[in-house]
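Reader: I am new to this structure; could you walk me through it?

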Amino acid sequence: MIHQDSKILLEVSGLCANVNGTEILKGLNLTVRSGEIHAIMGPNGSGKSTFSKILAGHSAYEVTGGTVMFEGQNLLDLAPEERARAGVFLAFQYPIEIPGVGNSQFLRLTYNTVQTHRGKEELDPLEFDDFVREKMKLLEMSPDFLERSVNEGFSGGEKKRNEILQMAMLDPRLAILDETDSGLDIDALRVVASGVNQLANKDNAIVLVTHYQRLLNYIVPDYVHVMEAGRIIKTGGKELALELESRGYDWVGVEHKAAMGALA
Amino acid sequence: MSASATVNAGYLENLLAGQPHLPASPLAWLNALRAEAVDRVGALTVPTLRDEEWRFTDISLLTKMSFHPVRTTISLQVADIERFYIEEATTRLVFVDGVYAPQLSSAATDNGIAVVNLEAGFAAHAAAIEPYLGRLTEFHDNVFAALSTAFLHDAALIVVPRDISVTVPVHLLFIATQKDVVSYPRCLLLAESGSAVTVIEDYVSLQEDAYFTNAVTEIALVDNARVNHIRVQREGAKAFHIANCAVSVARASNYQSVSVAFGARISRYNLNVKLAEGAECAVDGLALISGRQLADTHTCIDHAQPQAVSNQMHKCIVGGSAHAVFNGKVMVRQGAQRTDSKQSNRNLLLTSKAHVDTKPQLEIFADDVKCTHGATIGQLDDEEVFYLRSRGLSDTAARNMLTYAFGAEIIERIPISSLKYQLEQTVLEQTTNQL
């Protein structure tokens, strides 16, 4: 929900970044206020996933210019775990599998670590079990998931549910969902989207990174941004996503170039 | 060459010094076997890096030290060793520096089952054990097995009669208490047709000085038997541990083993499994070492007859400047058609000085078989570490968790919950200390 007076959570200005010496982000600007849902769309290779990983602190990307402020602090100064504790959450496109570590053990360790850093009480295994089972209902997950190893042998949809379950537990201020819709059938998509919608509130914000409009039928964005070649080149409302769905991405680039030409 | 041969000869003579004082066994065949082993020790030398089977494993440190057989036995109280007890395994044989300690053991002799020391079991089982004791383990070309056989007078003996399932796991606990001592732990397990049993072979230490464990285990599964064999090597930090285990898996029998190696300065475990028609085995292992430890696992799975199945997963976690060796041979003999064999060796190096040598070997002389094998050596995956950090875990906690998980995949296969828990804690402590 857009409220112009709500406070700014994330302010990205002129962000430039390299991976292995290749420039991927070339001056990206984005402002996200609490209560908002943003969708970042764009063709493959436009830098969407790079942007999400940079926000979460992945060390493979080198930031070469620009700033990222999160709730008034310089996000780029923080290690990935410090960002998580401060309230940044990235739902991975490809969550990793950890055979040998039980899902419930993993979830409890991450939850308690983050709680401790936020000055809150840890939960013992029994309390945590009640807590996590309640959250699992949100995603229609069977309690069997707790007994299995982290993501091991999970289907694509089960992995994505497990990601959103972690989001529900860790209660982030800013959640970035990287291609959460990829690999989901329509039923799983509906469940995951409904979970995300229930987690969205006036104090947090969600950035959906997606290639397709499909997800946005279920999670309705306040803003839709189009990324191309490492920049956001167009911003609009939810109807922009529909236009992209019918017309593709090319026209946005053409329009953008024309506008740039007119300026020069 | 002649210099090193002299050193070796003197070394072995020294080790053999106590042998003539052994009391003669009441069994003539055993006395003959011992004499033969003494002869073999005289003919063999201590292996060096020039021997193909030892080319990654330098044991010169062992040959520089002198060890003597135990002279006086230490009397331990239950309180000294209770912490090693495994809750579920109430049948227990305890050996202190290789010597049977009846006051600490709880032997079992019900329903024809024997879990006793060999001296107590000789009379009742002489005929049953004769084909196996000292014979399953080939000692003619193996100086350590020959030494063990030369000193063979007592052992842990398990005999499970036909169609009997032993529900209580058996704990064989070998405790080292004295420095400079060489001990020769020995186990013989005979699982008769249709029987089932779970055995834990466990090596621990109450002191941190150097000593030498030279162990031999022989396991025979007669038709349709089932044996779970868990081997835990948690010797002292300066110990030398050399062990040979030979397993004969007869028709349609099933042998499952998990062996973990945490301890000893230098350890070497040779495991030979011979599979008859329709037999199955799962042979899994974990070596978790750091500092200057060396842990060598040599396995040979011999598909001697058709339609046998073998599965092997061996993992090494190597920290500090430690060195792990894995040599896994799978042999498929002529005529062993419809063999199904899978072998995998995965190694995790935690530091730049950690070292691993791996040598999977597949030798196939049959044409209708399904065999896969592979080995990987790597470090922790950056993407995995990042995933965990993005959930709030510190870099150290993330690495610990992934290292733990790598090892836990093997520990999880141990079918005894309290032992599994104990070992998981050990893995957790060791991985936490290393990073």
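Predicted model: local features only at pLDDT ≥ 70, side-chain atom pairs only at ≥ 80, totals over all residues.

Reader: How is the crossing of H4(A) and H6(A) handed?

Author: Residues are numbered from 1 along each chain as its sequence is written, with chains lettered from A and ligands numbered from 1 in the order written. A crossing is left-handed if the near helix is turned anticlockwise from the far one by less than a right angle, and right-handed if clockwise. For H4(A) and H6(A), the crossing is right-handed.

Reader: How are H4(A) and H6(A) placed relative to each other?

Author: Helix H4 (residues 125-138) and helix H6 (residues 156-170) of chain A have axes that come within 10 Å and cross at roughly 125°. Angles under 35 degrees count as roughly parallel, over 145 as roughly antiparallel, 65 to 115 as roughly perpendicular and the rest as oblique. H4(A) and H6(A) are therefore oblique.

Reader: Which residues in H6(A) meet H4(A)?

Author: Two residues are in contact if their C-beta atoms, placed from the backbone, lie within 7 Å. From H4(A) come Val132(A), Lys135(A), Met136(A) and Leu138(A), and their partners in H6(A) are Leu165(A), Ala168(A) and Met169(A).

Reader: What separation is there between the centres of domain 1 and domain 2 of chain B?

Author: Chain B is divided into domain 1 (2-276) and domain 2 (382-435). Taken over C-alpha atoms, their centres are separated by 31 Å.

Conventions: Axes fitted to C-alpha atoms, helices over the stretch in contact; angles between N-to-C directions. Helix = DSSP H or I, 4+ residues; strand = E, 2+ residues; numbered from the N terminus. Domains from an automatic or database assignment.
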